[in-house]
Amino acid sequence: MGKKIDHVVLISLDNLRGDSFGPDKYKYLPANIRENLRSRSQLMEELSAEGLNFRNCFSAAPFTTASHASVFTGFLPLHHGVFEYFNSDIKKKTLFEYAQGEGYKTIFQTDFPIILGEPIGFTRGIDKYYIEDEYAALEELRSNIHSRTVSFFHFGGIHYPYGFHTLKFGGDDYRKKVQNLEKELDIDKNKLPKDQFDEAYRMGEDKDLLFRYKRIVEHLYAQKNFKRLTELYFEGVDYFLEHRFRQFVVELRKVLKDSSHLIVLFGDHGEDWSDESKGHYKSLTPGVLHVPLIIMGSNIVPGVVESNVRTIDIAPSILYSLGIDVTNAIDGVIMDIQNPFEIGKNEM
């Protein structure tokens with residue numbers, strides 16, 4: 001009988017393309033767009049070198065709610081029931097509910113509480129739920145380091161407003177970016193965008209800046225300036241990784257040091273600007289459906305996995321590491337490699 005993993009940490013970098021780093025960088029971008037792109041951050045390269053980098057992972061859905069429901073349940077949208085943002089709640093049991101039933105403490109942090117919250121069922125099986133406060137959630141993990149936990153950290157900073165999310169994380173850099181873009185493109189800052197949806201509880205200046213940024217995006221898309229939109233996206237990826245995510249990784253490592261743990265870092269969908277794709281929602285291009293998946297942690301031998309995997313394979317693989325076999329009951333399968341999930345295998 002194997003030893004169960006004590007701590008599983010899922011990290012979602014919402015809206016991160018699979019070809020945003022490493023040898024696949026810019027793989028799905030047209031030559032005229034990728035030729036002058038220059039990303040500065042090397043954080044994703046560093047993380048992929050520390051663990052197993054699944055170079056061919058594909059998302060079950062091109063938008064946040066359905067994609068995360070697939071990751072958490074191991075089911076395709078057809079079966080878990082989440083097709084739109086608010087059409088219904090998750091109809092299948094999540095990995096958090098399974099883990100909670102086995103005595104694991106469950107922790108959930110999200111930047112998008114409106115769409116990754118109670119209305120759709122994302123709070124089921126969760127002991128502690130946090131909004132836009134990864135360090136409070138991390139402290140909860142720290143306080144339970146001598147027990148067993150399954151935690152989830154969701155970051156929305158790669159969504160537009162690219163890199164910033166809110167003033168809490170972007171501050172004056174966010175203000176200046178919006179002002180400079182409005183000046184550069186000669187855009188009326190008082191004109192509302194067509195898209196006024198908000199995934200978070202933004203108010204006042206935060207909501208104003210979000211709508212102004214969306215107006216900029218709509219202006220560029222109407223001009224078919226896909227090159228500038230792609231540049232803004234990758235600038236945002238860099239900003240988020242270096243101004244917010246890098247420090248989180250440092251603190252997470254401190255918390256997990258000397259513990260038996262597994263870190264599963266993934267993207268739920270990417271972002272693609274072209275005649276075939278307006279960002280990501282309802283888009284089925286490779287730039288949207290090809291997502292990163294990196295597994296790090298105790299006893300992980302770094303390497304590259306070339307075989308195709310799906311985001312619906314994450315849940316059964318994690319549950320297997322906790323001694324729970326659900327492979328005969330869901331759409332996903334345990335990843336068919338000599339893999340880190342073996343270290344937590346129990347006799348079934």
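What covers the buried residues of α6? I opened the notebook with this point; the model is a predicted one.

**Helix α6**

I looked up the burial along α6, residues 134–143, and found E134, A137, L138, E140 and L141 buried. Viewed down the axis of α6, these buried residues fall within an arc of 155°, so they line one face of the helix. For the cover over the buried residues of α6, I list strands β1 (7–13), β4 (105–110), β5 (128–131) and β6 (149–155), together with helices α7 (167–185) and α9, as included in it.

**T166**

Next I went to the loop between β6 and α7, where T166 lies. Is T166 buried or exposed? I find T166 buried, because its relative accessible area is 4%, and the cut-off for buried is under 20%. Setting aside residues up to four places away in sequence, I record E132, G171, Y174, R202 and D206 as touching T166.

**The sheet**

I then traced the open sheet, which eight strands form with mixed pairing. Its order reads β5-β4-β6-β1-β7-β11-β2-β12. At the edges stand β5 and β12 (303–305), each with a single partner strand, so one side of each has no neighbour in the sheet.

How do β1 and β7 pair, in what sense and over how many bridges? I find the pairing of β1 with β7 (residues 261–266) to be parallel, over six bridges. Within it, L10 has V264 of β7 as its bridge partner. Helix α9 packs on the sheet and touches β1, β4, β6 and β7. The direction of α9 makes about 180° with that of β1.

**Nonpolar cores**

Last I looked at the cores. The largest nonpolar core has 56 residues, and I list I11, L13, M44, F245, L252 and L265 as those with the most contacts inside it. Helix α9 (residues 226–256) gives the most to this core, with 15 residues.

Which residues are in contact with L265, leaving aside its neighbours within four places in sequence? I wrote down I11, L13, M44, L47, F245, P292, L293, I294 and M296. As general background, nonpolar side chains tend to be buried together in soluble globular proteins.

Note on methods
Residues are numbered from 1 along each chain as its sequence is written. This is a predicted model: local features need pLDDT of at least 70, side-chain atom pairs count only at pLDDT 80 or more; totals for chains, interfaces and linings use all residues. Side-chain values use heavy atoms; hydrogens and water are left out. A nonpolar core is a set of buried Ala, Val, Leu, Ile, Met, Phe, Trp, Tyr and Cys residues joined through side-chain atoms within 4.5 Å. Buried means under 20% relative accessible area, exposed over 50%, partly exposed in between (1.4 Å probe, protein chains only). Helices (H or I, at least four residues) and strands (E, at least two) are DSSP runs, numbered from the N terminus. Contact means heavy atoms within 4.5 Å. The arc is that of the directions from the helix axis to the C-beta atoms. Two strands pair if DSSP finds at least two bridges between them. Axes are lines fitted to C-alpha atoms, for helices over the stretch in contact, and angles run from 0 to 180 degrees between N-to-C directions.
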